[in-house]
Amino acid sequence: MKKESSILVVDDNGDFRHLISICLRKEGYQVMEAADGRQGLQLAQTRFPDLVLLDVNLPDVSGTEVCRQIKSNPAMRDVFVALCSGEAISDAHKVNGLQTGADEYLVKPFGIQELLARVQTLMRLRNTTAALRTSEEHHRRLIDILPDAVCLIHPKGRLLAVNSQAVAMLGYENTSDLLEKSVFDFTPAGEHERIKMDIGLALRSGIIRNVEYTMLKRDGTSLPVELSATVSLGIDNQPAGLLSVVRDITERKQAQEAVQASEERFRQLADHINEVFWMSNVDRSKIIYVSPAYEEIWGQPRSNLYHSPQSWTEAIHSDDRDRVSENAKKRQVAGDYDEIYRIIRPDGSIRWIHDRAFPIRDASGNIYRIVGTADDITKRKQAWDSLGESEARKQAIMQAALDGIVTIDHEGRMIELNSAAEKMFALSQSKLIGENVIELIPASFKPWFRNGLANAFAGDKGPIHGSRIEMPALRADGSHFSAEFTISPITLAGHPMFTFYIRDITKRERAEAELRSLPQRIIKAQEAERSRIAQELHDGINQLVASVKMRLRKVEGSLPDLKPAAREILRRCDDLLVKVLEENRRIAHNLRPTELDNLGLAAACSSLCSQVQLRTNLQFQCRLISPARRLPPGVELNLFRIVQEAINNIEKHARAKSVKLEIRVRGGTVFLKIQDDGQGFETIVPERGGKTRRGLGLTNMRERALSLGGTCEIISQPGRGATILAHAPLGTPKRSSNVKRKRLLDKV
C-alpha cells in the first residue's frame with residue numbers, strides 16, 4: 001500500500017460517501033470527502049489529491065464540469081479523475097465523461113473489491129504517468145542546459161523537435177519558428193546533396209560523427225557547425241528520425257585559422273629576421289629548421305648545417321670554442337644557455353654572436369625540441385666598448401671636477417653624483433642616491449623649485465635650465481651655503497632627466513662683498529681725508545698766511561721812509577696773500593662745505609652753484625625743495641658729492657651755457673636731477689681690444705648712489721647735453737649683494 005496516496009471522494013449521498021471512505025482508509029489511503037461539486041473542486045485545487053472519485057450527478061455542479069475544470073488546470077495535471085454514476089450509464093454519458101478528461105468511468109452499483117481493484121489500477125497508472133512526465137521534464141531540462149543545439153530530424157529532413165540552444169544558434173526567438181521546417185531551409189543549396197547522403201548513411205549505419213556543415217542563420221550569415229547523430233526508433237522499432245547534436249565551431253575555426261596564420265607569420269618572420277633562428281631535436285643530432293640569416297652571419301650554406309648539425313661550432317674562435325661547446329651540451333636542455341662568442345667567417349672577418357636556447361615541452365611536460373636564436377652583435381659590441389670607454393671618461397671627469405655634479409630623474413630623485421657633491425653636501429653617495437634633491441634646498445625655496453621641476457625647468461614659475469641660478473643649499477648638518485646652479489636637460493625616450501652643476505660660491509661671495517665694500521671704504525676715507533685737509537688748511541696754512549700778512553703790514557708801518565717801489569712790492573705781496581687765503585678757503589670749502597654741515601643739502605648746493613656762477617659764465621636754474629626735516633647726514637653728503645662732481649665735470653668738459661639743478665623729496669625718497677645743454681658724450685667709451693670703460697667720476701657717482709641703496713643714471717649723447725638722475729631712500733640703505741640674486745629672491 002502507498003500510505004502517502006490521497007483520494008478525494010465527491011458524492012452527495014452521505015451514506016455511500018462514508019462507506020467508500022471507510023473502505024479506502026482501511027487500505028491505507030488518505031481520504032477527503034466533499035458533498036457537492038464546489039466543495040470538491042475547492043479541495044482538489046488546494047489539496048491536490050492523487051485520485052478523485054467524482055459522482056456525475058451533483059446538486060450544484062455536474063461531475064463532468066468539475067472534471068473538466070480539474071483537467072484544464074496545468075497545476076493538477078497529475079490528478080486522476082474517475083467519474084461514478086448509477087444513472088448516467090449510457091454510452092453517450094461515458095463518451096462525454098471520458099472526453100472531458102476523465103481517466104475512468106465507473107457504473108454504480110459496484111462491489112467494494114471491484115472498486116479497490118479499479119483504484120489500485122488507476123493509482124499505478126497515475127504514478128507511472130507522473131514518473132514518465134517527470135522523466136520527460138528532466139530529459140527536456142537536460143537537453144536545454146546542454147551548450148550544443150539538439151534536434152530530432154525526420155528522415156525526410158523536417159525538424160521534429162529542437163532545444164533552446166538551436167533556436168538561439170540560428171538567430172530565432174521561439175521553438176515554433178523552427179518546427180516543421182526542413183534542415184534544407186537552414187543550409188546552402190550546394191550542401192543539400194551531401195546532407196541527403198549523410199542522412200541515408202546515418203539511417204543505414206545507425207550513427208554519424210563529427211560531420212562539418214555550413215548553416216545559414218536567420219539573418220543570412222554563415223555558421224560553421226559540427227554534427228553528430230544517432231537513429232531514434234519509433235513504436236514499430238523502425239527509424240523515426242535522427243537525434244542530432246549540433247555544435248557551433250566558429251571559435252574553433254577561428255582558432256584553426258589563427259594557428260595557420262600564426263604558423264605562416266612564424267615562417268615569414270623566421271625567414272626574414274636578422275637573427276638566426278634554429279630548431280633541433282633534444283640530443284642536437286638533427287637540425288629541424290634554421291633560418292636564412294645563418295648564411296648571412298656564418299657565411300656558410302644552411303645545407304651544411306642540415307647535413308652536419310655540429311658544423312656551426314667549427315667557425316667559433318678557438319679561444320671560445322671549448323666553452324661554448326661544453327655549455328651547449330649542458331645548458332641548452334636546462335634552459336639557461338646564454339653565450340657570447342666570436343666566429344671567424346670564411347672571408348676571415350670576425351663577428352660577435354649572442355646565442356641563446358631553451359627547451360620546448362609537450363603536453364606531458366617532456367622536452368621534445370630545442371630552439372634558439374643567434375644574433376650578430378658585432379656593431380652592438382663595438383658600441384658597448386665605446387660606451388664603456390665613454391662612461392670611464394665621464395666618471396674620470398666627474399671625479400676630477402671641482403664642482404658638484406648631480407643627475408636627477410623627472411621626479412627629482414638623485415641617480416648619480418660625483419665626489420665633489422658628496423663633500424659639498426657632507427653626505428656619502430650611498431645616502432644621497434635615491435633621495436629627492438628637494439631635501440637639499442631650504443624650505444622657502446622648495447615650492448619655487450617644485451614648480452620648475454613640474455615644468456621640466458622650462459616654465460616661468462621656477463628655475464630655468466641653461467641659466468645660472470644663485471640660491472642657498474643645505475648641508476647634512478642643516479647649515480646653509482651659497483651655491484650657483486646650472487641645470488642641463490638630458491633628453492631620452494620617456495621621461496627626461498636633468499644634470500645639476502653646483503658650485504659653492506661662499507668664498508666668491510665673500511670676495512665680492514669685500515670688493516663691493518671697497519668703494520664705500522674709499523669714499524669714507526676720501527671724506528675723512530677731505531675733512532682732515534680742510535681742517536689743516538683752516539687751522540694751519542690759513543693761520544700762517546694771516547700771520548705773514550700781518551707781519552708785512554707791520555713792517556710797512558714801521559718804515560715810513562720806504563721807497564715807492566718797495567712799498568709797491570709790499571702791496572703786491574699783501575694782495576697775493578689775500579688771494580692765497582681766499583684760495584685756501586675755497587679749497588677747504590670744496591673739501592668740506594660748512595653749509596652742508598650747518599644748513600643742509602639744499603643750502604650747500606645753492607652755495608656751490610653761486611660760487612661756480614661767479615667764477616664762470618654758467619647760468620644755474622635751481623629748484624631745491626627742502627624737506628621738513630634735515631636728511632640723514634650720509635644721504636646729504638653723498639648727494640652733494642654727486643652734485644659737486646657733476647658740476648665740476650660740466651665746468652671742465654661740457655662747454656655748457658646753462659645748468660638745471662632739481663632736488664625734491666617724495667614718499668620717503670629723495671630725487672636729484674642735473675641737466676646741462678653742453679656738447680654731451682658717449683656714456684661708454686671703447687678701449688683698445690674691444691673693451692669698454694667709464695670715467696672714474698661717473699663711476700664714483702654711481703657708487704655713492706648705490707651705497708645709499710639707490711641708483712644713479714647718466715643719460716647723454718654727443719651734441720645733446722647730459723642728464724644725471726639719482727635717487728636714494730631716506731631709510732636705512734639695503735644694498736643687494738648681486739643683482740641677479742636680488743631678482744631671484746624677488747621672484748621667490
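Mentor: Let's start inside this predicted model: the second largest cavity has a volume of about 180 Å³. It is lined by 16 residues, and Trp278, Ile287, Leu305, Pro309 and Trp312 are the closest to its centre. Strand E11 (276–280), strand E12 (287–290) and helix H9 (293–298) each give two or more residues to that lining, with E11 supplying the largest share, three residues.

Trainee: What is the make-up by class of the lining of the second largest cavity?

Mentor: Eleven nonpolar, three polar and two charged residues.

Trainee: Between E11 and E12 there's a loop with Arg284 in it. Is Arg284 buried or exposed, and how do you know?

Mentor: Set the value against the cut-off. Arg284 has a relative accessible area of 18%, and buried means under 20%, so Arg284 counts as buried. Its backbone deserves a look too: phi of Arg284 is near 60°, a positive value in a residue other than glycine.

Trainee: Asn210 also has a positive phi, near 50°. Why is Asn210 called partly exposed?

Mentor: Asn210, in strand E8, has 49% relative accessibility. Exposed needs over 50% and buried needs under 20%. The 49% falls in between, so Asn210 is partly exposed.

Trainee: What is the sheet that E8 belongs to?

Mentor: An open sheet of five strands, in the order E7-E6-E10-E9-E8, with antiparallel pairing.

Trainee: What makes E7 and E8 edge strands?

Mentor: Strand E7 (159–162) and strand E8 (207–216) have a single partner strand each, so one side of each is left without a neighbour in the sheet. As for the twist, the average is 30° from one strand to the next.

Trainee: How do you know that E9 and E10 pair?

Mentor: Count the bridges. Pairing takes at least two, and strand E9 (residues 222–233) and strand E10 (residues 239–248) have nine, in the antiparallel sense. So E9 and E10 qualify as a pair. For one example, Val225 has Asp248 in E10 as its bridge partner.

Trainee: Which helix lies across these strands?

Mentor: Helix H7 (residues 192–205), which lies across E8, E9 and E10 and runs at about 160° to E8.

Trainee: Now the largest cavity: how much space is in there, and what lines it?

Mentor: About 310 Å³. The lining holds 24 residues, and Ile153, Val183, Met215, Leu227 and Val246 lie nearest the centre. Strand E6 (149–153), E7, helix H6 (164–169), H7, E8, E9 and E10 each supply at least two lining residues. By class, the lining divides into 21 nonpolar, two polar and one charged.

Trainee: And how many cavities of 30 Å³ or more are there?

Mentor: Three.

Trainee: Last one: which peptide bond is cis, with omega near -10°?

Mentor: The bond from Lys108 to Pro109. Pro109 sits in the loop between strand E5 (104–107) and helix H5 (112–145).

Notes: Residues numbered from 1 in each chain as written. Predicted model: local features only at pLDDT ≥ 70, side-chain atom pairs only at ≥ 80, totals over all residues. Heavy atoms only, no water. Helix = DSSP H or I, 4+ residues; strand = E, 2+ residues; numbered from the N terminus. Axes fitted to C-alpha atoms, helices over the stretch in contact; angles between N-to-C directions. Contact = heavy atoms within 4.5 Å. 1 Å grid on protein atoms, 1.4 Å probe; cavity = no way out; pocket = protein on both sides within 12 Å on 5 of 7 lines; lining within 4 Å. Points joined across faces, edges and corners; volume = space filled by probe spheres on them. Nonpolar A, V, L, I, M, F, W, Y, C, P; charged D, E, K, R; others polar. Buried < 20%, exposed > 50% of the residue type's maximum accessible area, 1.4 Å probe, protein only.
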